[in-house]
Amino acid sequence: MAEEHPLPEASPQLVVRGGARLEGTIRVGGAKNSALKLMAATLLAEGSYRLRNVPRITDVELMSDLLRATGCAVERDGDQLTIVVPSVIEPVAPYEIVEQFRASIVVLGPMLARCGEARVALPGGDDFGPRPIDMHVRGLTELGAEFDTAHGYIHARCPNLLGARVLLEFPSVGATENLLMASVRAKGTTTIDNAAREPEIIDLCEMLNKMGAQISGAGSSTITIEGVDGADALHCADHSVVSDRIEAATYLAAVAIAGGEIIVEGARHDHMVMLCQKLGDMGMRISPDAHGIWALVPRRLRSVDCSTLPYPGLATDFKPFLVSLLATAEGVGIVTENLFSGRFRYIDELRRMGADIRTDSHHAVVRGVERLSGAPVRAHDIRAGAALLIAGLGAEGTTVVADAHHIARGYDDIAAKLRGVGADVGTS
Ligand code: UD1
């Protein structure tokens, strides 16, 4: 299959000149945080899979490389990926790939289920605090897996996984996904209690069920998996990736900062109710629309307090956008981070643009200023980078976001999409 639309070169920096109002329609693609897991799920059974609505982002390329390292063939045609999984795969996730993105840990469950063992390099990824995998390990141990760690790799073994009741200490997205993908081939029934409830979990369960798995309860805190044992129990499937609520949130925050009226086409209001509620509290007019979400910013927004929580709470991934937004809102807003301790680093960059923000442990106190002023800043991770870019939309003068390759890990040409609704964003 031909590579008709090669990925755009990740530009080293993005340049935004503030002041333009946003008007028009901006389209969101498939969710990064789902596509990567759906790709990992293909390792469970031999065959030719077609995934549609797959975002053209670096992390998908990295996951493609990881699948290739196991013996799969992966080809892209537009927003479609074809993944051919052979009858025998190599259950190893090499360090050179894993160190570049943490989501690679989700190959652990499917490899273990398919091959009875998995060797996965310990993950790297985003630069925000320690991100342990103890819940993944504990849960898989309940299913009978044994682990040891040596030379930077975690080695899991279990020739015959057995269904079990697993109670997660916290509704971890990654641990829920690894447990789902391991237990679909375990003997007997598995119950995951305090499971993550994100739309991306539901998407993964839908794909696994198309592959022959028997999963019920996805989207609730208790997921039940009836294991389908035997070599031919699972088979390949086609699936379209759920829309990206974090990308959608980025564009909603962009219009909130820049002013204007947009439709975020393809966005799922029902997947981001809490965020839309918050934006409404701030004075934005926002509602579901036949094509996605409609949003209008009638005046300068007012501050609110925000606290991140697992879904359906306010996602931690939305927080950098909310901080950018509060930086120019009227009043003082307190933002509390409850998931990742180190996720405040980009605030130093926002301060360089004139933001008045004080941090204390996992709280940020944001005192809105009339206007930010454009400055050179640096992206430290995907969402922080996007938050700086959209802050630049409302700033006076030019903002240059360095290390924009971080943004390309999770956004399919964000500069072009924002230009499409009138923003002055370019690359250099
Ligand atoms: C996923 C998302 C990420 C999002 C996060 C929370 C992907 C690729 N990434 O990350 O964008 O911000 O969900 O919604 O889908 N934890 C442990 N031990 C574990 C596992 C997690 O202590 O074994 C902690 C983490 O350090 C963190 C919290 O639990 O503080 C939530 O992590 P988790 O839900 O697992 O996030 P990820 O799956 O890594």
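Let me start with the secondary structure: the chain holds 14 helices and 24 strands, where helices (H or I, at least four residues) and strands (E, at least two) are DSSP runs numbered from the N terminus. The radius of gyration, taken over C-alpha atoms, is 21 Å, close to the 22 Å that the globule rule gives for 428 residues, so the chain is as compact as a globular protein of that length; the rule itself is 2.2 Å times the number of residues to the power 0.38.

Before going further, a word on what we are looking at. This is a predicted model, in which local features need pLDDT of at least 70 and side-chain atom pairs count only at pLDDT 80 or more, while totals for chains, interfaces and linings use all residues. Residues are numbered from 1 along each chain as its sequence is written, and side-chain values use heavy atoms, with hydrogens and water left out.

Now the overall picture. Taken along the principal axes, the C-alpha atoms fill a box of roughly 65 × 45 × 45 Å. Of the 428 residues, 58% count as buried, and here buried means under 20% relative accessible area, exposed means over 50%, and partly exposed is in between, with a 1.4 Å probe and protein chains only. The chain exposes about 15,900 Å², of which carbon and sulfur atoms supply 48%; these accessible areas come from the Shrake-Rupley method with a 1.4 Å probe, and for residues only the protein chains shown count as cover. If we take contacts (heavy atoms within 4.5 Å) between residues at least 6 apart in sequence, 75% of them join residues at least 24 apart.

As to charge, the mean positions of the 41 positive and 54 negative charges are 4 Å apart. Lys and Arg count as positive and Asp and Glu as negative, while His and the chain ends are not counted, and each charge is placed at NZ of Lys, CZ of Arg, CG of Asp or CD of Glu.

How is the chain divided into domains? The assignment gives domain 1 as 13-29 + 243-427 and domain 2 as 32-240, with bounds that come from an automatic or database domain assignment. The centres of domain 1 and domain 2, taken over C-alpha atoms, are separated by 30 Å, and the contact takes 23 residues from domain 1 and 22 residues from domain 2.

Ala 31 is buried, at a relative accessible area of 1%, and, leaving aside neighbours within four places in sequence, it is in contact with Pro 55, Glu 200, Val 241, Val 242, Ser 243 and Asp 244.

Next come two methionines in loops. Met 211 is found between α7 (199-210) and β12 (214-216) and is buried, with a relative accessible area of 0%; not counting residues up to four places away in sequence, Met 211 touches Ala 41, Leu 44, Ala 45, Tyr 49, Ala 233, Leu 234, His 235 and Ala 237. Met 353 lies between α11 and β20 (356-360) and counts as buried at 0% relative accessibility, and its contacts beyond four places in sequence include Leu 372, Leu 388 and Thr 399.

Finally, the backbone. Most residues other than glycine have a negative phi, and most peptide bonds are trans. Against that background, Asn 53 has a positive phi, near 60°; this residue is in the loop between β3 (47-52) and α2 (58-70), and at 18% relative accessibility Asn 53 counts as buried. Asp 403 also has a positive phi, of about 60°, although it is not a glycine, and its place is in the loop between β23 (398-402) and α13 (405-408), where Asp 403 is partly exposed, with a relative accessible area of 26%. A cis peptide bond, with omega about 10°, joins Tyr 311 and Pro 312, and Pro 312 is found in the loop between β18 (306-307) and α10 (319-326).
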